Amino acid sequence: GALLASTWPRLDALGVNSLPLKNGMGLGRCLRALIFEAALGGPSRAMDSESRAAPTRAAPPVVAKVLPGRDPEFDRPVFIVSPPRSGSTLLFETLTTAPGLVTIGGESHALMESVPTISPAAHGWESNRLCAADADASTIRLLRERFRAALRDRDGAPPPLGPIRMLEKTPKNALRIPFLAAAFPEARFIYLYRDPRPTLASMIEGWTSGGFRTYPGLPGWTGLDWSFLLTPGWGSLIGQPLNRIVASQWAATTRILLDDLAALPADRWRAMRYETFLAAPQDEISRLCASLGIGWDRRLGDSLPLARHTLSAPSADKWRGHAAAIDATRPIWSVDNERALVVVGRAG
């Protein structure tokens, strides 16, 4: 704690607060939320150069009204769920500009797995899968506390006291829907579907780039460091070619998340096609926000900016460079894809 507290003033002096990220958030605020405040147990005035110049008498905190029988902290939090490389970062970065939504500024890998019972190490490295039975009281309390401390609105300000609407996007959460539904009783889920062919091509590029390594040194794993989410049955993929590894990741993730969504009441989830979102961003975001009771006050252009995790210039045919490898794995993912298309078509 002392080391972190002493490190922040040095970063502050280097001007970290003035460095913007692609989503408009400041690098300094994101570092504070994801690392410093999470580790130190909440915001610290010693870490805030702005607060040192603030008057000693603060304005009374704004407290949102809590309705009877509702979650007193998290009002219908929204979780985007999808296989990796499905466009969820672009959807997330677009939705972060909606009024009233708060986020931690990015993905919550570190925040969530800093809760000891959420880390796959606590489950014998079985997978990132979590069910309702994993949502014990201590785990829920820690998770909610850490999210609450790290959340900021679209202008980088802490949310008011009382219920807030959180937006969260981490691909591993596609394997945690029952857990999240138990930890956040009013949770809503957005299933983002993308054609598996460009998705798998992007996953292949992600594995080979080394930029998406999640579990280096995964016990028993050989070859490239494990990347993206850890799916159940990953041990059967040891020694398999990369195209089969990513196809199995995609298929397992899609199958699990569709099963989990089907077990929820229909009003707790929505489905959206990535390709439709790209073709008509304003219409799709307006429709999605209206269905979730989220305000929307921005006008999007005909095209959207690149998401922060984009590896190479987008192109509708970019995936064809991996076409042979992807087509060879069609038996692995085709059945789950057909099911996903039915779900997305019905939801649309």
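Start with H11: which of its residues are buried? Keep in mind that this is a predicted model. The buried ones are Pro281, Gln282, Glu284, Ile285, Leu288, Cys289 and Leu292. Look down the axis of H11 and those buried residues fall within an arc of 170°, so they line one face of the helix. The face turned away from that buried side carries the exposed residues Asp283 and Ala290.

What covers the buried residues of H11? The cover includes strands S1 (78-81), S3 (165-169), S4 (188-193) and S7 (269-273). Helices H4 (88-95) and H10 (274-279) are also part of that cover.

Now the geometry. H11 runs over residues 281-292, which is 12 residues. At 1.5 Å a residue it should span 16 Å, and its end C-alpha atoms are 16 Å apart, which agrees. Gly293 follows H11, with a positive phi near 70°.

Step back to the whole protein. It has 13 helices and 7 strands. Of its 348 residues, 49% count as buried. Take the contacts with a separation of 6 or more: residues 24 or more positions apart account for 74% of them. The accessible surface is about 15,700 Å², and carbon and sulfur atoms hold 58% of that.

Cysteines, quickly. There are 0 disulfides. Cys289 has 1% relative accessibility, so it counts as buried. Cys131 has 31%, so it counts as partly exposed.

On to charges. The count comes to 19 salt bridges. One of them pairs Arg129 with Asp260, at 2.6 Å from N to O. Arg129 sits in the loop between H5 (109-113) and H6 (137-150), and Asp260 sits in H9 (residues 242-262), so the pair ties together parts 131 residues apart in sequence. Asp260 is buried, with a relative accessible area of 9%. Arg129 is partly exposed at 23%.

H9 comes up again. Arg255 and Asp336 meet in a salt bridge, at 2.9 Å from N to O. Asp336 lies in H13 (residues 330-347) and Arg255 in H9, so this pair ties together parts 81 residues apart in sequence. Asp336 is buried at 9% relative accessibility, while Arg255 is partly exposed at 37%.

Two more items. Arg273 bridges to Glu275, with the closest N and O atoms 3.8 Å apart. Arg273 is partly exposed at 32%, and Glu275 is partly exposed at 28%. Finally, Arg70, Asp75, Arg76 and Glu186 are linked in a network of salt bridges.

Technical notes
Residues numbered from 1 in each chain as written. Predicted model: local features only at pLDDT ≥ 70, side-chain atom pairs only at ≥ 80, totals over all residues. Heavy atoms only, no water. Disulfide = S-S within 2.5 Å. Buried < 20%, exposed > 50% of the residue type's maximum accessible area, 1.4 Å probe, protein only. Helix = DSSP H or I, 4+ residues; strand = E, 2+ residues; numbered from the N terminus. Contact = heavy atoms within 4.5 Å. Areas by Shrake-Rupley, 256 points an atom, 1.4 Å probe, with all protein chains shown as cover. Expected span 1.5 Å × (residues − 1). Arc of directions from axis to C-beta. Salt bridge = Lys/Arg side-chain N within 4 Å of Asp/Glu carboxyl O.
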